[in-house]
Amino acid sequence: MRKQIAAANWKMNLTISQAEKLVNDLLATAHEVKENQQVLLAVPFPYLSQVEKLLAGKNGVAVAAQNCSNKLSGAYTGEVSVEMLSSLNINYVIIGHSERREYFNESNQLLAEKINMALQNNITPVFCCGEALEIRESEKQNEFVGKQLNESLYHLTPDQLKKVVIAYEPIWAIGTGKTASSEQAQEMHAFIRSELSNKYGVETANEISILYGGSVKGANAKEIFSQPDVDGGLVGGASLNAGEFNTIINSLK
Ligand code: PEP
C-alpha cells in the first residue's frame with residue numbers, strides 16, 4: 001500500500017537554533033505517525049545530522065535533503081553527493097523543485113541523472129513536477145507535466161519507479177497563498193497516475209505516492225489530502241510553524 005506523506009521543505013530558512021526549536025516543538029506536540037504514513041523534514045544541508053539526532057527513535061519521521069549533485073564525487077565545489085547523504089543515513093532527497101529548475105536551470109535531463117544517482121544509492125527521490133501559470137491558463141498543464149515525467153522518470157524500470165515519490169506542485173500555487181482547488185489537485189494527480197499506469201501498468205502506478213504542494217496549510221490540508229489520488233503534501237511556508245505542520249500531519253489519510 002502506498003504511503004501517505006507529509007514532507008516539510010524548509011528551503012533556505014532558519015538558523016541552527018531556530019531549527020532545533022522547531023524540531024523540538026514539533027516533537028513535543030506530535031501525535032503518533034501511523035504505519036501507512038511517513039513524515040519528512042527536508043532541511044538545509046548543514047543541519048542534516050543535527051536534525052537526524054533530534055529525531056532519533058521517532059518512528060515514521062525522517063530527515064531529507066533538498067537537493068543532490070548529479071555527479072558522484074570530484075572537483076565540483078559546493079555540491080553535495082548522494083554518497084555523502086548516504087553516509088549520514090539520509091534516505092530521502094527532493095529532486096527538481098521548481099525553484100531549482102528556475103534559479104539553477106535544472107533541466108529534465110539533469111534531473112533524470114539525479115534520480116539515477118539517488119536510486120543507485122538507495123535514497124528515495126521526491127521528484128517535483130508542475131506547471132507555471134501561463135501553461136495552466138493555456139490549458140497545456142497535462143502535456144507539460146507529462147513531458148516532465150517522460151524525460152526524467154520513464155527510463156526507470158518498474159521496480160525503480162516504485163521507489164520514487166512524486167510531488168505535483170503547480171508553480172502558481174507555491175508560496176503565493178493561492179492553493180489549487182481539491183478538484184484541480186485530484187484531476188492532475190489522476191492524470192499523473194493514469195500516465196504512470198499507461199507506461200508501467202496499473203499495479204505499479206497504484207504503488208506510487210503522489211504528493212500535492214502549493215500553499216498547503218493546516219486549514220486546507222484535510223480537504224486536499226482527502227482526494228483519492230492525493231497521498232499527502234510537500235509543504236513550504238506552513239512547515240516552519242510546528243502547530244501548522246502538526247495539523248497537516250494529522251490531516252493525512
Ligand atoms: C514548496 O516549496 O514546495 C511549497 C509548496 O511551498 P509553499 O507550501 O510555501 O507554497
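Predicted model: local features only at pLDDT ≥ 70, side-chain atom pairs only at ≥ 80, totals over all residues.

The points that follow take the overall fold, then the ligand, then the cavity and the pockets.

1. Overall fold. The protein chain contains 12 helices and eight strands. Its C-alpha atoms fill a box of roughly 45 × 45 × 35 Å along the principal axes. The radius of gyration of the protein chain is 17 Å, which agrees with a compact globule, because a chain of 253 residues in that form would have a value near 18 Å.

2. Surroundings of the ligand. The ligand is surrounded by 14 residues, and the closest are Lys11, Glu169, Gly175, Ser215 and Gly236. By class, this shell divides into four nonpolar, eight polar and two charged residues.

3. Which residue has a side-chain N or O atom 2.7 Å from an oxygen atom of the ligand? That residue is Glu169. The backbone also takes part: an N or O atom of the Ser215 backbone lies 2.8 Å from an oxygen atom of the ligand, and a polar backbone atom of Gly237 is 2.8 Å from an oxygen atom of the ligand. The protein buries 95% of the 290 Å² that the ligand exposes when taken alone.

4. The cavity. How many cavities of 30 Å³ or more does the structure hold? There is one, and the largest cavity has about 70 Å³ of space. Its lining consists of Leu26, Leu27, Ala30, His31, Val33, Val39, Leu55, Lys58, Val61, Asn246 and Ile249. Helix H1 (16-29) and helix H12 (242-249) each supply at least two residues of this lining. In terms of class, eight of the lining residues are nonpolar, two are polar and one is charged.

5. The largest pocket. This pocket has about 430 Å³ of space. Of the 14 residues in its lining, Lys11, Met12, Gln66, Arg100 and Phe104 lie nearest the centre. Lys11 is also among the closest residues to the ligand. Helix H4 (residues 98-103) gives the most to the lining of the largest pocket, with three residues. The lining comprises seven nonpolar, four polar and three charged residues.

6. The second largest pocket. About 260 Å³ of space lies in this pocket. It is lined by 13 residues, and those closest to its centre are Lys3, Lys162, Val165, Glu207 and Ser209. By class, the lining of the second largest pocket has five nonpolar, three polar and five charged residues.

Definitions and conventions:
Residues numbered from 1 in each chain as written. Heavy atoms only, no water. Near = heavy atom within 4 Å. Polar contact = N/O pair within 3.5 Å; in protein donor to acceptor, adjacent residues only side chain to side chain. Areas by Shrake-Rupley, 256 points an atom, 1.4 Å probe, with all protein chains shown as cover. Nonpolar A, V, L, I, M, F, W, Y, C, P; charged D, E, K, R; others polar. 1 Å grid on protein atoms, 1.4 Å probe; cavity = no way out; pocket = protein on both sides within 12 Å on 5 of 7 lines; lining within 4 Å. Points joined across faces, edges and corners; volume = space filled by probe spheres on them. Helix = DSSP H or I, 4+ residues; strand = E, 2+ residues; numbered from the N terminus. Rg over C-alpha atoms; globule rule 2.2 N^0.38 Å.
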